[in-house]
Amino acid sequence: MTYPTPTTAGPPAPTVGAAQAGADVALYTTSVNSRVAAVTLAALADFATRQGWTVAHQAYDLTPLHVPARLRTGWRSVAHLLDTGRAAGLVVPAEHEIARNPSEQNALRAWLLHIPAFAVYPHARPHGPTPPTTGTTPFPGFPGPTAPVDRAWCRSYALTPASLRGLRDAARMYLTVLRWPGDIPTAVEVLSRLAHNAVIHARPDTESEADGKMTVRLAVAEDNMLLVDVEDPRPDFPDSKAAIEGEKGRGLMYVRLLSAQVTWFLSEDARTKTVQARLLPDTSP
């Protein structure tokens with residue numbers, strides 16, 4: 001089976017250091033599945049080519065994300081190229097694939113700036129453990145923090161009703177590509193409900209503003225939990241607790257009836273919010 005290459009659209013990729021035009025770059029990712037790693041590297045290579053960079057080296061490690069980067073053979077080869085100046089930049093889906101906690105991330109950034117080298121994370125979104133939430137409704141049978149994310153897909157859509165059909169079609173395809181073992185129609189319905197809420201409640205207030213964008217993300221954690229994220233440009237969420245518990249409106253109540261746990265959180269700059277639903281693969285609505 002040929003797997004379509006996951007694509008990422010939306011805001012510019014997070015960057016450390018100054019990205020250089022025409023630079024030689026190294027690509028890196030980690031996964032527990034070689035086929036997923038190969039698809040990810042292909043997506044990174046396409047991204048790098050579109051930036052005008054030359055791919056000098058690419059590597060992956062078949063290890064869980066909790067294994068320290070210094071113990072991974074693939075990462076050590078990439079780090080050596082950067083350290084010796086044979087590559088000027090690093091392209092990785094997200095920073096958490098190299099550094100899992102704030103102290104490791106600070107050390108990684110300091111090292112890159114010292115070499116110097118730049119790093120770009122084109123698939124960066126909230127990964128791994130669920131970010132600190134502004135409102136969370138516990139759900140029986142769900143674990144606390146999620147396991148590290150193993151594979152993901154995301155894309156941005158206009159905040160218009162016309163986007164919903166294309167979103168649903170893409171979600172069906174990529175849930176298959178990501179090989180989520182749960183009930184795909186249920187997951188598509190959960191995403192559709194979250195996206196519909198964003199279209200209804202997060203569109204700009206004035207005609208002079210652009211229609212705005214929402215970014216949807218499907219991520220499969222190492223324990224096969226599915227994270228369904230819809231990020232919109234309206235950071236406020238009035239009566240969020242009542243909405244999540246089904247006391248206000250029906251959208252999120254229906255999502256919970258589909259056996260999803262619902263939560264939401266603000267972005268680091270507090271300019272956007274993300275509503276997230278978590279689905280276990282063996283849960284029936």
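In what order do the five strands of the open sheet line up? They run S1-S5-S4-S2-S3, with mixed pairing; strands here are DSSP E runs of at least two residues, helices are H or I runs of at least four, and both are numbered from the N terminus. Two strands pair if DSSP finds at least two bridges between them. This is a predicted model, where local features need pLDDT of at least 70, side-chain atom pairs count only at pLDDT 80 or more, and totals for chains, interfaces and linings use all residues. Residues are numbered from 1 along each chain as its sequence is written, and side-chain values use heavy atoms, leaving out hydrogens and water.

- Strands S1 (15-16) and S3 (54-61) sit at the edges, each pairing on one side only.
- S2 (residues 24-30) and S4 (residues 89-91) run parallel, joined by three bridges; Ala26 has Leu90 in S4 as its bridge partner.

**Salt bridges**
- There are seven salt bridges in the structure (a side-chain nitrogen of Lys or Arg within 4 Å of a carboxyl oxygen of Asp or Glu).
- One of them joins Asp169 and Arg172 (2.9 Å, N to O); these two are three residues apart in helix H4 (residues 163-177), so about one helical turn separates them.
- Another links Lys273 to Asp232 (3.1 Å, N to O), bringing together strands S11 and S9 from positions 41 residues apart.
- Lys273 is buried at 7% relative accessible area, and Asp232 is buried at 5% (buried means under 20%, exposed over 50%, partly exposed in between, with a 1.4 Å probe and protein chains only).
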